[in-house]
Amino acid sequence: MLKTNLVFYFGLILVSVIWGINFGVSRWAMEVFPAEVFVFLRFGLALPILFLILKWTEGSVKVDKQDLIKLGVIGFVGVTILEILVMYSIKYTTLANASLLNVAPWPIFTALFAPLFTREKMTLRLAIGGCIAFIGVSMIILGGKDGFSLNSDYMLGNLLALSISLIGALFNLACMPLMNKYSAMRVTTWYILFGSIFLFPITLSGWNQVMWSELTPVTWGAVAYNVILCTVAAFVIWNLSMKKVGASKANFYRYFVPAAAAVAGVLFFNETIWIPQIVGGLVIVLGLLWISTERKKVQISHAKAG
């Protein structure tokens with residue numbers, strides 16, 4: 001099973017690394033753009049690229065009218081709401097708290113709720129491997145200099161960060177039935193369209209805060225990284241890979257995000273990486289290897305894209 005889906009597991013790792021590095025890349029852009037404007041630029045500029053690729057690769061961009069409401073809800077939850085929650089969770093708690101509560105429970109919620117959306121089942125190997133990987137990601141986040149704080153001042157941010165894991169898991173799982181009918185590319189393109197439409201009104205007060213004269217090649221590079229890699233490439237690769245290996249397994253690969261973010265901090269901002277974080281990265285790899293070698297007992301049929 002591991003050899004058969006090796007390219008898809010590699011895709012999940014690649015996307016997680018791209019998203020992890022983006023913690024550092026986005027810092028440069030946030031010096032010029034308000035957060036909600038930057039998020040809208042990320043998804044809004046990606047849309048024409050996604051539709052062009054969809055038209056070129058599949059010959060059409062259409063979806064059935066009865067699926068538009070589903071795609072609209074998924075886009076509103078998975079792009080508009082989720083991205084706003086990410087912004088405010090970071091604002092109201094520490095980065096360590098946000099990272100741990102955002103990333104760590106997400107795959108666990110996915111595995112727990114997967115039977116409601118798919119034929120995936122929680123297995124002993126998945127549970128053991130998930131626990132090992134959870135320990136690893138906790139070592140990476142808690143092993144940094146900031147650590148985890150239970151200060152009551154951070155309670156709102158902590159709750160928001162935890163809600164991201166729950167909502168994000170349900171968002172991923174809600175995509176799966178649609179990806180049995182359409183390609184991952186088609187589903188991704190349409191829910192990003194709706195998410196961007198709902199996101200735009202939130203940005204209206206932020207455009208006049210942008211200091212356009214201060215935009216540098218580095219800033220535009222950060223925008224390009226977010227549009228081309230973090231959105232167009234990452235969302236399509238992630239959804240395609242998730243469709244192939246299953247949502248429960250795929251989401252445990254999110255544990256590479258904080259590992260990549262820690263490395264990005266070292267490369268871009270001269271931050272220090274600590275020994276527990278290095279050990280945590282190795283523990284994550286062990287846990288995910290254990291998960292990936294499980295044989296898939298239930299095959300889910302995929303209808304041809306319409």
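Which residues are linked in a network of salt bridges? Select D64, D67, K70 and K181: these are the ones linked in that network. A salt bridge here is a side-chain nitrogen of Lys or Arg within 4 Å of a carboxyl oxygen of Asp or Glu.

Before zooming in, a word on what you're looking at. This is a predicted model, where local features need pLDDT of at least 70, side-chain atom pairs count only at pLDDT 80 or more, and totals for chains, interfaces and linings use all residues. Residues are numbered from 1 along each chain as its sequence is written, and side-chain values use heavy atoms, with hydrogens and water left out.

**Stop 1: the salt-bridge network**

Start with D64 and K181, whose closest N and O atoms are 2.7 Å apart. This pair links distant parts of the chain: D64 is in the loop between helix 2 (35–58) and helix 3 (65–92), while K181 is in helix 7 (residues 155–181), 117 residues apart. (Helices are DSSP runs of H or I with at least four residues, strands are runs of E with at least two, and both are numbered from the N terminus.)

D64 is partly exposed at 33%, as is K181 at 29%, and K70 is partly exposed at 47%. The cut-offs are under 20% relative accessible area for buried, over 50% for exposed, and partly exposed in between, using a 1.4 Å probe and protein chains only.

A search of the whole structure finds four salt bridges.

**Stop 2: zoom out to the whole chain**

Switch to cartoon. The protein chain has 12 helices and zero strands. Colour by burial and you'll find that buried residues make up 52% of its 306 residues.

For contacts (heavy atoms within 4.5 Å), take those between residues at least 6 apart in sequence: 91% of them join residues at least 24 apart.

Accessible areas come from the Shrake-Rupley method with a 1.4 Å probe, and for residues only the protein chains shown count as cover.

**Stop 3: into the core**

Select W19, F33, Y191, I192, Y255 and L288. Of the 80 residues in the largest nonpolar core, these touch the most other members. Helix 9 supplies the largest share of this core, 12 residues. A nonpolar core is a set of buried Ala, Val, Leu, Ile, Met, Phe, Trp, Tyr and Cys residues joined through side-chain atoms within 4.5 Å.

Centre on W19. Leaving out residues up to four places away in sequence, W19 touches R42, C230, A234, F235, W238, R254 and V257.

Now hop to N22 in helix 1 (residues 6–30). N22 is buried at 10% relative accessible area, and beyond its neighbours within four places in sequence it contacts Y225, N226 and C230.

C230, then, turns up in the contacts of W19 and of N22. C230 is buried, with a relative accessible area of 0%. Select C175 too: C175 is buried at 1%.

**Stop 4: back out to the surface**

Select I108, L112, F134 and I135, which form a nonpolar patch on the surface with about 340 Å² of accessible area together. Helix 5 (105–117) and helix 6 (124–142) each give two or more residues to this patch. Patches are made of residues with over 30% relative accessible area and no salt bridge, with like charges joined within 9 Å and nonpolar side chains (Val, Leu, Ile, Met, Phe, Trp, Tyr) within 5 Å. L112, in helix 5, is exposed at 53% relative accessible area.

Finish at N208, in the loop between helix 8 (184–203) and helix 9 (217–245). N208 is exposed, at 67% relative accessibility.
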